[in-house]
Amino acid sequence: MDQIRQPGHGGHQSAPAASGPGVDIQVLPFTTGAAAVHTLSFTMLGFADSEPVLWTDDAAGGKLHQAASTVAFQQAAFDRLRAHALSPDASLTMIRQVRTEEYGRD
């Protein structure tokens, strides 16, 4: 929630953006513990005619991972994050609550 509370960051737009089609926002509260401690930023890419691949980002750049074991490991990490996160509806409620409490607007 730090990003949402800091003025000038994109968190202010999260609630309106979530009303768009195909968009689900889920907040991972600090109270859930360290579920994401060992997870870097990543993008899972799925294709109709081939196995999924994984793109990871870190401070040194990005890397494409094609090994099935690596992709499966990161998919399991993503599933863990989603299991610990608030539901999309509860996430929007929390975002709106923080916006109201911290910025006086909904």
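Thr 56 is found in strand 2 of this predicted model. The protein chain has 4 helices and 3 strands, and along the sequence these elements follow the pattern α-α-β-β-β-α-α. Of the 106 residues in the chain, 24% count as buried.

**Strands and hairpins**

- Strand 1 covers residues 41–47 and strand 2 covers residues 50–58; the two pair in the antiparallel sense over 6 bridges.
- The link from strand 1 to strand 2 is a hairpin of 2 residues.
- Ser 41 has Asp 57 of strand 2 standing opposite.
- Strand 2 also pairs with strand 3, residues 61–65, again in the antiparallel sense, over 5 bridges.
- Here too there is a hairpin, with 2 residues between strand 2 and strand 3.
- Asp 58 stands opposite Gly 61, a residue of strand 3.
- Strand 2 therefore has two partners, because a pair of strands needs at least two bridges and strand 2 has 6 with strand 1 and 5 with strand 3.

**Thr 56 and its neighbours**

- Thr 56 counts as buried because its relative accessibility is 15%, and the limit for buried is under 20%.
- The side chain of Thr 56 makes a polar contact with the side chain of His 65, at 2.9 Å.
- Thr 56 is also the bridge partner, in strand 2, of Phe 42.

**The aromatic pair**

- How many aromatic pairs does a search of the whole structure find? The search finds 1.
- The pair is formed by Phe 42 and Phe 78, whose rings are 6.1 Å apart from centre to centre, with 90 degrees between the planes, and the arrangement is edge-to-face.
- The label edge-to-face applies because the angle between the planes is 90 degrees, and the class takes angles over 60.
- The pair links distant parts of the chain: Phe 42 lies in strand 1 and Phe 78 in helix 3 (residues 68–84), 36 residues apart.
- Phe 42 counts as buried, since its relative accessibility is 17%.
- Phe 78 is partly exposed, with a relative accessible area of 33%.

**The nonpolar surface patch**

- Leu 45, Phe 47, Trp 55 and Leu 64 make a nonpolar surface patch of about 360 Å².
- Leu 64 is in strand 3, where Leu 64 is the bridge partner of Trp 55.
- Is Leu 64 buried or partly exposed? Leu 64 counts as partly exposed because its relative accessibility is 43%, a value that falls between the limits of 20% for buried and 50% for exposed.

- Asp 24 is found in the loop between helix 2 (14–17) and strand 1.
- Asp 24 is exposed, because its relative accessible area is 61% and exposed means over 50%.
- Asp 24 and Asp 89 are 65 residues apart in sequence, and their C-alpha atoms are 9.0 Å apart in space.
- Where is Ser 87 found? Ser 87 is in the loop between helix 3 and helix 4 (88–103).
- Ser 87 is partly exposed, with a relative accessible area of 39%.
- The side chain of Ser 87 reaches the backbone nitrogen of Ala 90 at 3.0 Å.
- From C-alpha to C-alpha, Ser 87 and Gln 26 are 6.0 Å apart in space, while in sequence they are 61 residues apart.

Key
Residues are numbered from 1 along each chain as its sequence is written. This is a predicted model: local features need pLDDT of at least 70, side-chain atom pairs count only at pLDDT 80 or more; totals for chains, interfaces and linings use all residues. Side-chain values use heavy atoms; hydrogens and water are left out. Rings of Phe, Tyr and Trp (its six-membered ring) pair if their centres lie within 6.5 Å; planes under 30 degrees apart count as stacked, over 60 as edge-to-face and the rest as tilted. Buried means under 20% relative accessible area, exposed over 50%, partly exposed in between (1.4 Å probe, protein chains only). Patches are made of residues with over 30% relative accessible area and no salt bridge: like charges are joined within 9 Å, nonpolar side chains (Val, Leu, Ile, Met, Phe, Trp, Tyr) within 5 Å. Accessible areas come from the Shrake-Rupley method with a 1.4 Å probe; for residues, only the protein chains shown count as cover. A salt bridge is a side-chain nitrogen of Lys or Arg within 4 Å of a carboxyl oxygen of Asp or Glu. A polar contact is a pair of N or O atoms within 3.5 Å; within protein, one must be able to donate a hydrogen and the other to accept it, and residues adjacent in sequence count only if both atoms are side-chain atoms.
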